[in-house]
Amino acid sequence: MMKQLTILFWGFIFGEVIGYIVSSLTGTLFAPVLLIGIIFAVTGLIVVNCLYAILKDPKSDK
């Protein structure tokens with residue numbers, strides 16, 4: 001459970017940082033929006049869990 005919460009937390013933080021960087025590069029005003037952070041957090045959670053399912057050790061199923 002803690003691994004999942006950590007992924008959500010860091011996904012949210014990275015989403016906000018990337019949103020800030022993109023807004024700075026495009027010259028637009030950055031307003032911290034929860035939507036971008038939530039999208040990155042959920043996407044990170046899905047990607048990590050899919051990678052774990054694909055790359056898990058086949059010997060652990062026995």
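Student: Of the 62 residues of the protein chain, what percentage count as buried?

Tutor: This is a predicted model, in which local features need pLDDT of at least 70 and side-chain atom pairs count only at pLDDT 80 or more, while totals for chains, interfaces and linings use all residues. Residues are numbered from 1 along each chain as its sequence is written, and side-chain values use heavy atoms, with hydrogens and water left out. Buried means under 20% relative accessible area, exposed over 50%, and partly exposed in between, with a 1.4 Å probe and protein chains only. Of the 62 residues, the share that counts as buried is 15%.

Student: What radius of gyration does the protein chain have?

Tutor: The radius is taken over C-alpha atoms, and the globule rule is 2.2 Å times the number of residues to the power 0.38. A compact globule of 62 residues would come near 11 Å. The C-alpha atoms here fill a box of roughly 55 × 20 × 10 Å along the principal axes, and the radius of gyration of the protein chain is 15 Å.

Student: Which side chain of opposite charge is nearest to Glu16?

Tutor: Glu16 lies in helix H1, residues 2–26, where helices are DSSP runs of H or I with at least four residues, numbered from the N terminus. Glu16 is buried yet has no salt bridge, a term for a side-chain nitrogen of Lys or Arg within 4 Å of a carboxyl oxygen of Asp or Glu. Lys and Arg count as positive and Asp and Glu as negative, with His and the chain ends not counted. At 24 Å away, the nearest side chain of opposite charge is Lys3.

Student: Which residue's backbone nitrogen does the side chain of Glu16 reach at 3.3 Å?

Tutor: Contact means heavy atoms within 4.5 Å, and, not counting residues up to four places away in sequence, Glu16 touches residues including Phe30, Pro32 and Val33. The backbone nitrogen that the side chain of Glu16 reaches at 3.3 Å belongs to Gly37.

Student: Does Phe30 count as buried or partly exposed?

Tutor: Phe30 is found in the loop between H1 and helix H2 (34–55). Leaving aside neighbours within four places in sequence, Phe30 is in contact with Glu16, Gly19, Tyr20 and Ser23. Because its relative accessibility is 26%, Phe30 counts as partly exposed.

Student: Why does Ser23 count as buried?

Tutor: Ser23 lies in helix H1 and touches Thr28 and Phe30, not counting residues up to four places away in sequence. Ser23 counts as buried because its relative accessibility is 7%.

Note on methods:
Helices (H or I, at least four residues) and strands (E, at least two) are DSSP runs, numbered from the N terminus. A polar contact is a pair of N or O atoms within 3.5 Å; within protein, one must be able to donate a hydrogen and the other to accept it, and residues adjacent in sequence count only if both atoms are side-chain atoms.
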